[in-house]
Each structure stands twice: as C-alpha cells, then as structure tokens.
Amino acid sequence: GVVLSSRGAPRIIDRTAQDLQQWQTGCNPQEVAAVADALGVGDGAAEWRVEIAMDGVMAHIDGRWQEAKVATMLVRRLEAQAEEPTLGAVLARRYVGVLGSAEDLVARITQVIREAGWERISIGEILGDGAAWIWTVADAHVPGVRQTLDSYHLSEHLYAFAQLLYPHEPAGAKAWVEQNMGAFLTDRLGDVLSALKRMRPWETAVRKALAQLIGDVERNRSR
C-alpha cells in the first residue's frame, strides 16, 4: 500500500489544489461561452438544469486541519424526449468551498452561479452524503427540488458495515455490498430495509453499526 506521513499528505493536497485551480481557470472561459451559445439557440428539444452536490470535508489549511464545506455545480443538458434513459451532457462546472457555516456555502454558491451567468437555468437536483445540514439547506433555499443521496456515499456506508459483518471474508463483504447497492439502484429500498431489520448480530459493535445504517437509510429513503 501507499504510506503517507503527516507532512507528506498536506503537500500532496496543496499541489492537487493548485493543479485544479489552474485547470478550472483555463476551462472557465470556454464553459461560459458554451453555456451562453446553447442558451442563445433556445433549443426546445433539450432541458437544462443546474445540479449541486454538497459535502463536508477535512482540509489542511493555514497549517492545520479544518472542517470545510464544499460544493460542485454542474450545468447539464438533457434531451427532452430521449428514447432511452441518459445522463445527458455536462457543459460546465464550478467548484467552491468555505470555512464556515452552511449558509456561508449557500452565499458562495449563489455568487458563483450569478458570476457564471447561470441564473436563467433552474436548479434541478441537490446531491449529498446524507448529512442533515445539506437537506436543511435544500429545503430552505430550493424547496421542492429533488434531493438525492449519491451512490458513492451510500456505498461507503454499506462497505463500512459489511467490513464489520464479514471481518475475515473480503469477498463476502464485497458481494453483500454489491447485492444491496443493486437493490438500492433499482428502487428496492424497502427490501433492503426489511432485510436489515431482520438481522440479529451478536457483537455489540455490529449491532450499533446496524442501527446507524438503518437510521441512515430510513432518513434518506425518499431520496
């Protein structure tokens, strides 16, 4: 495996941040032009929307680890009458972060959307890891907009529990996660919840993790 020292990790993070900033600076003018051209055409066969994904992360800033709130914003073009389900095309994206409250992040998102000229595009989806503050922000600022628990964070929750459930069977843990992820992605959440509630683990740590997983799923079952 890869071993990182406490000094090495911040250096890698700093270099990655610098590379990302340079890349975004180069892409921004092209993306602004692409969105402006597309909106100017007024293609009635397409649907436009802004998607916002929010998360809380630990970042090494000013010589120490601090909690930051971050967001990714995408402008997506979807075919209005696509013959098959499609993810559409991403025309532009922006990344923001703040060392502050959820409301500080909302203010920064609003500012970036205005500066990018995306005010005419409706916000169509909010994605999150299940943290309550994300859904609170969505309810307050974009009520009625679809809220989605993203599959990456969902799989993280499942893997964390599976490793306790199958501590010496990596293949068993992997198979369990894949089975349950498949059920989630095909709208069989009720089946997953029923199966989880039927489990009766003996170990205290597994019982606590199971209760937390059930709670996470139930809180986000409409997402």
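Predicted model: local features only at pLDDT ≥ 70, side-chain atom pairs only at ≥ 80, totals over all residues.
Visitor: How many helices and strands does the protein have, and what makes a run count as one?
Guide: There are 7 helices and 5 strands. Both are DSSP runs numbered from the N terminus, a helix (H or I) having at least four residues and a strand (E) at least two. In sequence order the pattern reads α-β-β-β-α-β-α-β-α-α-α-α.

Visitor: Why is the pair Glu125 and Arg49 called a salt bridge?
Guide: The term requires a side-chain nitrogen of Lys or Arg within 4 Å of a carboxyl oxygen of Asp or Glu. For Glu125 and Arg49 the N to O distance is 3.3 Å, so the pair qualifies.

Visitor: Which residue pairs with Glu51?
Guide: Arg76 does, with the closest N and O atoms 2.6 Å apart. Glu51 is in strand S1 and Arg76 in strand S2 (residues 64–79), 25 residues apart. Both residues are buried.

Visitor: How do you know whether Arg146, the other partner of Glu125, pairs by the rule?
Guide: The closest N and O atoms of Glu125 and Arg146 are 3.8 Å apart, and the limit is 4 Å, so this pair is a salt bridge. By this rule the count comes to 5 salt bridges. Arg49, Glu51, Arg76, Glu125 and Arg146 are linked in a network of them.

Visitor: Are Glu125 and Arg146 buried or exposed, and what makes them so?
Guide: Buried means under 20% relative accessible area, exposed over 50%, and partly exposed in between (1.4 Å probe, protein chains only). Glu125 has 7%, so Glu125 is buried. Arg146 has 54%, so Arg146 counts as exposed. Buried residues make up 37% of the 223 residues in the protein.

Visitor: What makes Ile52 buried, and which residues is Ile52 in contact with?
Guide: Ile52, in strand S1, has a relative accessible area of 4% and is therefore buried. Contact means heavy atoms within 4.5 Å. Leaving aside neighbours within four places in sequence, the contacts of Ile52 include Ala71, Met73, Ile109, Glu125 and Leu127. Ile52 and Leu127 are 75 residues apart in sequence, while their C-alpha atoms are 6.2 Å apart in space.

Visitor: Why are helices H2 and H3 called oblique?
Guide: Helix H2 (residues 102–116) and helix H3 (residues 132–141) pack at an angle of about 55°, with their axes 10 Å apart. The axes are lines fitted to C-alpha atoms, for helices over the stretch in contact, and angles run from 0 to 180 degrees between N-to-C directions. Angles under 35 degrees count as roughly parallel, over 145 as roughly antiparallel, 65 to 115 as roughly perpendicular and the rest as oblique. The angle of about 55° therefore makes H2 and H3 oblique to each other.

How values were computed
Residues numbered from 1 in each chain as written. Heavy atoms only, no water.
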